[in-house]
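Reader: Can you walk me through this one? Keep it brisk.

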Amino acid sequence: MTFRTSGPFPPLILDDVRGAQKMLSGVARTTGMEGSRHLSSLVGAPVHFKCENLQRTGSFKLRGAYVRIAGLSPVERAAGVVAASAGNHAQGVALASSLLGVRSTVFMPVGAPLPKVAATREYGAEVRLQGQVVDETLAAAQEYAEGTGAVFIHPFDHPDIIAGQGTVGLEILEQCPEVRTIVVGVGGGGLAAGIAVAVKALRPDVRIVGVQAAGAAAYPPSLSAGYPVALDSVQTMADGIKVGRPGDLTFPLIQELVDEVRTVSEDELASALLLCLERAKMVVEPAGASPVAALLSDPGAFRGPVVAVLSGGNVDPLLMQRVLTHGMVAAGRYLSLRLRLSDRPGALAAMLATLSVADANVLDISHVRTDPRLGLTEAEVELQLETKGPAHCEEVAAALRAAGYLVRA
């Protein structure tokens, strides 16, 4: 089966993906498949995780980068390669280049997370920090390519990249032949397009669902228009799928082969990341958790068995801390309250005793006694509490009110 691509490239076919799989033998890991009991119970059918977060460099990006660079001519290899990325593509290009003995230069935004910058350097690339946003970094990399003759390695919009990412689809069919639905995050579309080329050629009955962050969802308007549409702005914590315009090559493949593209909110992404960590013991970045977010938001919409592709695990620790906090709030695990009490010895201890009986854990407390809005014998306490969920939040607030405290959210 042949699938069309636009531009000067030949159509992408299953044999391209199979060829990429042979090329990646001994280079990319065949990542494992893990079941999720919790999601299976929600969906009413088996749900499995395809764990590309455990791939070398922490994401699927090595697959496409290696196939692309391995396909360069000796003259092109001698000129070196250049890429622009805030993280995963940077590391994939750096490692692939080192394995193939090719010099690599990677441009990264000035504010790129330090662990990702360090990892890219450790994989062998020369890192140049330039630009405040990825678009500026991309322009710098392309200018470097034009000035030096280095080959620009696009993060998603090249047939070799798409074919390399498509090997994930072949592995899914080998590991879970009974699969009925594959859910995968979508940024520029290289991973989703590659999986779709491989899977639809062998199993056209398998439903493929793409997932985008609502703040960076360029595919829904593009699919409605029938051509790639650029967003005016993109805003999401899921930097792995933070792309403002579909690729010229990936768009027609997704248009033809992907059955549906859904969007998920930032709260849903945070909750999904928290679930992966707590229930599956998987460190997953927000982009990698997007398929889980889609399953959580509408579990009845997916026919099982379902495979959710955890595309990457390279999450900055500081972002992880913020996301986990946000996820705990979204899941009703944190409760913020203000209440007034008598300004007398033992009043604060009595209030804390009420919280102890209610089994709420105090994370932070602020005790104010000098606010002009308070009465002469009043004090105000602002509390940050850890709870067991929304029902427990109600129980804690009710216990405080029953003890005579004026509680305000």
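Predicted model: local features only at pLDDT ≥ 70, side-chain atom pairs only at ≥ 80, totals over all residues.

Reader: At what angle do helix 1 and helix 8 pack?

Author: About 90 degrees, with the axes 8 Å apart. Axes are lines fitted to C-alpha atoms over the stretch in contact, and angles run from 0 to 180 degrees between N-to-C directions. Helices are DSSP runs (H or I, at least four residues), numbered from the N terminus.

Reader: Which residues of helix 1 and helix 8 make the contact?

Author: Among them are Leu14 and Val17 of helix 1 and Ala163 and Leu170 of helix 8. Contact means heavy atoms within 4.5 Å.

Reader: New topic. How many aromatic pairs?

Author: The structure holds 2. One of them, Tyr219 with Phe251, is stacked, at 6.2 Å centre to centre and 25 degrees between the planes. Rings of Phe, Tyr and Trp (its six-membered ring) pair if their centres lie within 6.5 Å, and planes under 30 degrees apart count as stacked.

Reader: Is Tyr219 buried or exposed?

Author: Buried, at 0% relative accessibility. Phe251 is buried too, at 3%. Buried means under 20% relative accessible area, exposed over 50% (1.4 Å probe, protein chains only).

Reader: And what does Ala287 touch?

Author: Ala238, Gly240, Ile241 and Ser311, not counting residues up to four places away in sequence.

Notes:
Residues numbered from 1 in each chain as written. Heavy atoms only, no water. Helix = DSSP H or I, 4+ residues; strand = E, 2+ residues; numbered from the N terminus. Phe/Tyr/Trp six-rings, centres within 6.5 Å; stacked < 30°, edge-to-face > 60°.
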